[in-house]
Amino acid sequence: MGYKIGSFNLKNIGATALGKSTKNLELIANIILKEKFDVVALQEVLSEGKAFTAEYTKKSILNYLGKNWDFRWADVNTERVTDKRGEGYAFLWNKNRLQLSKIALSNGKTRVFNPRTIDINKEDMVRKPFYARFTPVGTLVGGPRIELRLICVHTYYGDDSNKARNIRQRELDVLLKDIYPRISDRRYGVYGNGMPSYTILLGDYNVILKRPWKEKAYSEIDAKRQLEGKRKMDRPAELVVDEDGDIVISRKWDNRRIKTVQDQFTTLQPDNDRGYINDYDHFSYDEEQFKDVWVSAKRIDAVRKYCKDDFTEYFKSVSDHIPIQMVIELNCDMWGNEEVNYGKKENRHDREY
């Protein structure tokens, strides 16, 4: 059983997208549908998510997606915020595949877990994380008994000075070393106690993963910029890790090893029509928690797939980011369900999604 989880920074998508904005809401919906996401974490969603939910227009993204999709938005700004746009986060999911988790209460009733902001360490965050819990449709009637816990984030960027980078790194340290393990370890009532959970931090980290090949790529970009009479681009901030393999270790939480993945370039700039720039969009997860599942992560090359390689058009009509995906495959046999034939294990990486 596989599930496809997405993350997508939609660059200031608000109520204006329903009017004369250059945003192409139908195209955004088409990307989500064509890529067959089960759930998408969204960043830079303004105006209480009206671009998705507005009832007075047929142009809203939910209308293009269809009745099988659901959506939740949250204002995540803290008292530290200097962003006047009213940025929020959102989750968008396919109701045929996933449902919000439920909690069994002591009185025998159940309560639906609605996505909410996380107040843990909020004094260290410019924007609070947005947290949602999902179970596969059919969990209570014989489907796979697992829970997906998603923590959507967009770290502080500012002016990318050393001061701003230090703020960003502080946020990432708090997210990876404290907030993530706390959420991952939580148990919720009778319903949740016996259910394996898989927690994923995802979103726009505003840092790249360090790779030798990227220096060559940046040098090539600078050479093109020089021919155009432009200055060299500033090198992006890199994720500070404790071990090779993009591992951050949470000393406070039993030396938990949190791995960050997705190292392909995912961002665009308005003055660059030749390709992607930085890999700011990532997923992070606990190695031990995910040891029994198969994981893959990559970007969706949306400019080439959906805008005919026109970077300028994509920037105007969609975003300055492309979506990323994480696919996890679960061996449902582990939870007493009917056997699922995955085929030979060595061929599982070749699956089409």
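Student: Where in the chain does Asn121 lie?

Tutor: Asn121 belongs to the loop between strand E8 (116-117) and strand E9 (130-136); helices (H or I, at least four residues) and strands (E, at least two) are DSSP runs, numbered from the N terminus. This is a predicted model, in which local features need pLDDT of at least 70, side-chain atom pairs count only at pLDDT 80 or more, and totals for chains, interfaces and linings use all residues. Residues are numbered from 1 along each chain as its sequence is written, and side-chain values use heavy atoms, with hydrogens and water left out.

Student: Is Asn121 buried or exposed?

Tutor: Buried means under 20% relative accessible area, exposed over 50%, and partly exposed in between (1.4 Å probe, protein chains only). Asn121 counts as buried because its relative accessible area is 17%. Asn12, at 30%, is therefore partly exposed.

Student: In what order do the strands of the open sheet stand?

Tutor: Strands of a sheet pair through backbone hydrogen bonds, either parallel or antiparallel. Here six strands follow the order E3-E4-E2-E1-E16-E15 in an open sheet of mixed pairing; two strands pair if DSSP finds at least two bridges between them. Strand E3 (69-75) and strand E15 (294-299) are the edges: each has a single partner strand, so one side of each is left without a neighbour in the sheet. On average, neighbouring strands of this sheet are turned by 15° against each other, direction ignored.

Student: Which helix packs on the sheet?

Tutor: Helix H1 (residues 25-34) does, touching strand E1 (2-13), strand E2 (39-45), E3 and strand E4 (88-94); contact means heavy atoms within 4.5 Å. The direction of H1 makes about 160° with that of E1. Axes are lines fitted to C-alpha atoms, for helices over the stretch in contact, and angles run from 0 to 180 degrees between N-to-C directions.

Student: How many bridges join E1 to E16?

Tutor: Six bridges join E1 to E16, and the two run antiparallel. One of the partners to inspect is Tyr3, which is bridged to Ile328 in E16. E15 also pairs with E16 (residues 324-329) in the antiparallel sense, over six bridges.

Student: Which way do the residues of E16 point?

Tutor: Ile324, Met326 and Ile328 point one way, and Gln325, Val327 and Glu329 the other; all are buried. Accordingly, E16 is mostly covered, with six of its six residues buried.

Student: Which residues have the most contacts inside the largest nonpolar core?

Tutor: A nonpolar core is a set of buried Ala, Val, Leu, Ile, Met, Phe, Trp, Tyr and Cys residues joined through side-chain atoms within 4.5 Å. The largest has 54 residues, and Phe91, Phe134 and Phe290 have the most contacts inside it. Helix H4 (residues 162-185) gives the most to this core, with seven residues. A second, separate core of 45 residues includes Leu10, Ile61, Ala90 and Phe265.

Student: How many aromatic pairs does the whole structure hold?

Tutor: A search of the whole structure finds 11. Rings of Phe, Tyr and Trp (its six-membered ring) pair if their centres lie within 6.5 Å; planes under 30 degrees apart count as stacked, over 60 as edge-to-face and the rest as tilted. Tyr157 and Tyr280 form a tilted pair because their centres are 6.5 Å apart and their planes stand at 55°. This pair links distant parts of the chain, 123 residues apart: Tyr157 is in the loop between strand E10 (147-154) and H4, and Tyr280 in the loop between strand E13 (256-261) and strand E14 (281-286). Tyr157 is partly exposed at 30%, whereas Tyr280 is buried at 7%. Trp213 and Phe265 form another tilted pair, 5.5 Å centre to centre with 45° between the planes. Ring pairs also link Phe91, Trp93, Phe130 and Phe134 into a cluster.

Student: How many disulfides are counted?

Tutor: The count is zero; a disulfide is a pair of cysteine sulfur atoms within 2.5 Å. Cys152 is buried, with a relative accessible area of 0%, and Cys307 is buried at 9%.
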